[in-house]
Amino acid sequence: MIADDSVLMRFLIRDILTADPDIEIVGFANNGKEAYLLTKKLMPDVVLMDMTMGEYGGLYGVEAIMKDCPTPIVILSSMGNTDMEPILKCLKLGAIDYLNKPVKNNVNLREVETELIEKVKVASKADMSHLVKNDHFNNVHVHAFDDNVQYDIIVIGASTGGPTAVETVLTQLPQN
C-alpha cells in the first residue's frame with residue numbers, strides 16, 4: 001500500500017513497484033490517518049509511507065499502525081534531507097526502513113528505483129512480533145562481567161529492521 005498525499009508521487013511509485021512481478025499495490029492513502037484505516041481494512045504486506053502529508057502525516061500513521069495493527073512500514077520521504085528526527089522516531093516505533101526521495105525533484109524517483117523495490121521486498125518478510133514489549137525480561141543485574149575479560153569491546157551490527165533488534169539486545173545487557 002502506498003501512502004503519499006501527492007497523486008503524481010503515488011502514480012510514479014506505483015509504476016516503479018509494479019514493474020516487479022512480485023509486487024502488487026492493494027491501495028492508496030492520502031494521509032497517515034487514511035493509511036492506518038486502510039491498513040486495518042486491507043492488511044497489506046508493506047506500507048510505503050511519506051512523512052509530510054498535511055494534518056495527519058506519516059508519524060501519525062506509523063504510530064497508529066504499530067499500536068493497533070503492526071505492519072512492515074518503509075518510509076519514503078524527502079524529510080530526511082532536512083530533519084531526520086521524525087524519521088528516527090518512526091524507526092524507533094517499528095518502521096522497517098527509510099529511503100530518501102531525491103533532493104532535486106521528487107519526479108527523479110527513478111534514481112532510487114532498484115533500492116526502493118529491494119526495501120519493499122525485504123520489509124515484506126519482516127517479523128513484526130518483535131514489537132510486543134516484554135519489559136519484564138530486562139536484565140536487572142548490575143554486572144555480569146568480571147575484570148579478567150579478554151576483550152575491551154563488543155560490536156553489534158544490524159541492517160534492515162536493526163534498530164529495534166539492537167534495542168532488544170541492549171536492554172537485556174547488564175549495566176557494565
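M43 is found in the loop between α2 (32–42) and β3, where helices (H or I, at least four residues) and strands (E, at least two) are DSSP runs, numbered from the N terminus. M43 has a positive phi of about 50°, although it is not a glycine, and with a relative accessible area of 65% this residue is exposed; buried means under 20% relative accessible area, exposed over 50%, and partly exposed in between, with a 1.4 Å probe and protein chains only.

Before I go on, a word about the model. What we have is a predicted model, in which local features need pLDDT of at least 70 and side-chain atom pairs count only at pLDDT 80 or more, while totals for chains, interfaces and linings use all residues. Residues are numbered from 1 along each chain as its sequence is written, and side-chain values use heavy atoms, with hydrogens and water left out.

The pLDDT, which is the predictor's confidence in each residue, from 0 to 100, averages 85 over the protein chain, and 84% of the residues score at least 70. Where pLDDT is low, the predicted coordinates should not be read in detail.

Now to the overall layout. The secondary structure comes to 6 helices and 5 strands, and from the N terminus on the elements run β-α-β-α-β-α-β-α-β-α-α. Of the 176 residues of the protein chain, 39% count as buried.

In what order do the strands of the open sheet stand? The order is β2-β1-β3-β4-β5, with parallel pairing, and two strands pair if DSSP finds at least two bridges between them. At the edges stand β2 (28–29) and β5, each with a single partner strand, so one side of each is left without a neighbour in the sheet.

Let us look at β4 (residues 73–77) in particular, since 5 of its 5 residues are buried, so the strand is largely enclosed by the rest of the structure. In a regular strand the side chains alternate between the two faces of the sheet. Here I73, I75 and S77 point one way from β4, whereas V74 and L76 point the other way.

On one side, β4 pairs in the parallel sense with strand β3 (residues 47–49) over 3 bridges, and L48 stands opposite V74. The chain crosses from β3 through helix α3 (residues 58–68) to β4 in a right-handed β-α-β crossover; right-handed means that, with the strands pointing away from the viewer, the path from the first strand over the helix to the second runs clockwise.

With strand β5 (residues 97–100), β4 pairs in the parallel sense over 4 bridges, and in β5 the bridge partner of I75 is Y98. From β4 the chain crosses through helix α4 (residues 85–93) to β5, and this β-α-β crossover is right-handed.

Finally, we come to helix α6 (residues 162–171), in which V169 is found. At 41% relative accessibility, V169 counts as partly exposed.
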